[in-house]
Amino acid sequence: MKYNKITLLLFGFLFIAYTSQAQWKIPEKAKKSKNPHESSDTHISSGKKIYASNCKSCHGDPGKANALLPTATDVGSADYLKMKDGSIYYQITEGMGAMPSFKKSLSDEERWSLVSYIRSLANKEAVEEGGDENMLDKLSLKFEFDKASNSVKASVTDKSGSPYSKAGVPVAFLVKRYFGQMKIGEIETNESGLATLKLVDIKTDEKGNIELSIKINDRDKYGDVKLTQEITIGEHRHFKNILEERALWGSRANIPWWMLFLYVGITGGVWVAIVYVILQIKKVKKLGTQINT
Amino acid sequence: MADSLSKEESKSLLTKIENDLIGPIKNHKGFLVWILVLVSLLVWAGVAYGVQLSEGLSVTAMRDHISWGLYISSFIFFVATALIGMLISSVLGLLKIKWITPIARIAEMIAIAFAMWAGLIIVFDMGRPERLLNVFIHARPQSPIFWDVTVVTTYVVISILLYLLPLIPDAAMLRVRMTDSPKWKQKIYKILSFNWKGTPEQFHVIHKSIRILAILIIPVALAIHTVTSWLFAMTPRIGWDTTIFGPYFVTGAFVSGVAAVILAMFVFQKQYNLKEYITDFHFDKMSKLLVLVILVYLYFNINEYLVPGYKMKSGDDIHLRELFVGHDALMFWAIQLGGMIIPMIILLFKKGRKPMPAMIISIFVIIGAFFKRYIIVVPTMKHPHLPIQNVPESFHTYWPTWVEWGITLGSIAGALLVVTILAKLFPVMPVWEVAEEKGVNQEDLTK
């Protein structure tokens, strides 16, 4: 144990010494390489998806400076976005220190799509800085369930109730479960302010209801916009309550018969014998008195 | 044999036996020091328990992961040691093995003392002992814990009866002979002699009752330790999830029990001057018995560790590696070698079975048996079912605190105190049986 701690410490020091010394050394040639793919919307959105599943765990949301690994750079920051495409590509490909290399796990095209995505953040920021109105607490949500298509249609409106026509508001759908809310999907709104999610395999309660919450999943930009409602999406169901049957896990009243017989039978049998022996002691006493008289 | 003695010889032999066995009850040499040691240990345990009651179980080293520690380990050790009563007085008794007569009651005293304290240790392990009654009020016969409560109680009762029945004739004799002892003592003798006159009818009833109990206690004793093992084996935890835990525990129990009896035999032989009754022959026999039970126990150990060790299933592997070469390896091998294999080898030699070496070896075996229970309980709890991250360091390490050691040592002292008190009230051997064995005439016994 002690031994382990010492080795751990040693490795820790080595690691820190190694990483604090290290600097990105990007070859000139790599810096100059250009993105061979066109920065199309599909390219960027596939980059966004890859980011969410591969990078977010350490880097957090780009531009929000909320990295989960404190040393992981915010790749959405204006400061970082001064980097050249070729450099970003090189850094993702090779990695350094705690930043893993993605040479093997992501394809060439996927890595470039990440570059496109990261680069697109720069444009977005420029747009946002270019007088995008402040959207904090300006929007409302409502939703309805469509039985025929088994889908939930969420609509984002402004406070007056008319649809919010700027597409791309992220709407998250959550269902209440035992230990909190389970996210079942996240969809961005279209130009009519609509985000539609098809419900697949969602378990209901006995009455066929679920408690559905939808919220705009960008608190910094839109504020806390959330709506929770119980909706009926299925038929009445009948659950067998396994706590009510006679079983090992049941309450005392629901003890299985065989176990009750065994317990009472064995314990009872032994105690009958014990009581018998105790009565024999009484008999010894009685035999002794008879002699006296 | 009985008729080979003349009337006078028989009479004087009986008187001698009576004197030899009753004498030490009166004799107080060294007794007070011994009692003082035990009582101070108990007082110390009382202080520790006071701290635990007012501060809560956080004064122990038990935490969320390792919630069974020294208390439960000692509980199993106590139950195990108590099992010896059944092996000696019942199994060997029913097999009509004669040499056990002088040591059967010693075994029975150990059984009573340790079984009673085993129950108490469970209470010490409770965070809210004032809710003890809930265990009974809300008892579910589906739960192995409730079986354990049932069977421990039953075993204590049968052990007490098995102690009391052969004591009746002795109590009657003490009533006559100990007229100079304090009133309360005489009262006890009077009550426990149950109007004993030594008539053939009374002998018959006693013999029959003892026989019933001797048979009854075999399944109950097997049950008590099998159920204790089920407290572990009925869960799917790594290291406990095995089908041989029942026999593994029972055979392990005999090891510590036989060693405890050898130790007690040595002490009584020396302190009570019983050289003529507890002889080298008895040490030799008991040592051979110890070899036998260790061998059986080793067989189960090999099964318990070699079989999973050969497969090294994932999950098992972490646990087993910790035992074989990891954090707990030192304790594990010390127990296996120093508490079983080496003692057994020494006992194979005739010189090793002499009283002194046998006694020293027994101490090693007992210590080994105690920590063996610890190795069964604690390491398994270090590896929870789910990989849990970011828990405090104290959750996955365990070493008992002074409170736990205090209460545990106090419990051992308490059990020894019970044995001591019994040995101060009554002869440590059944006088009439010993006399019968030595050839005293029947009519002298049934006077």
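**Note on a sheet in chain A and the A–B interface**

1. Begin with a strand pair. Strand S2 of chain A spans residues 151–158, and it pairs with S5(A) in the antiparallel sense over five bridges. Keep in mind that this is a predicted model. One residue to look up is Lys153(A): its bridge partner in S5(A) is Thr196(A).

2. Now the whole sheet. Three strands of chain A form an open sheet in the order S1-S2-S5, with antiparallel pairing. Strand S1 (139–146) and strand S5 (194–198) of chain A are the edge strands, and each pairs on one side only. From one strand to the next, the twist averages 20°. In general, strands of a sheet pair through backbone hydrogen bonds.

3. Next, the contact between chains. On chain B, 34 residues are in contact with 31 residues of chain A. The two chains bury about 2600 Å² between them. Carbon and sulfur atoms account for 74% of that area. Three residues stand out: Gln142(B), Phe194(B) and Val205(B) supply 20% of the area that chain B buries against chain A, more than any other three residues.

4. What about polar links? Between chain B and chain A there are 12 residue pairs in polar contact, counting pairs with both residues at pLDDT 80 or more. The count of salt bridges between these chains is zero.

5. Last, the side of chain B that touches chain A. Helices H6 (132–137), H7 (144–164) and H10 (200–233) of chain B are the elements that give two or more residues to this side. H10(B) gives the most, with 10 residues. By class, this side has 19 nonpolar, 10 polar and five charged residues.

How values were computed. Residues numbered from 1 in each chain as written. Chains lettered and ligands numbered in written order. Predicted model: local features only at pLDDT ≥ 70, side-chain atom pairs only at ≥ 80, totals over all residues. Heavy atoms only, no water. Contact = heavy atoms within 4.5 Å. Buried area = accessible area lost by both parts, 1.4 Å probe. Salt bridge = Lys/Arg side-chain N within 4 Å of Asp/Glu carboxyl O. Polar contact = N/O pair within 3.5 Å; in protein donor to acceptor, adjacent residues only side chain to side chain. Helix = DSSP H or I, 4+ residues; strand = E, 2+ residues; numbered from the N terminus. Nonpolar A, V, L, I, M, F, W, Y, C, P; charged D, E, K, R; others polar. Pairing = 2+ DSSP bridges. Axes fitted to C-alpha atoms, helices over the stretch in contact; angles between N-to-C directions.
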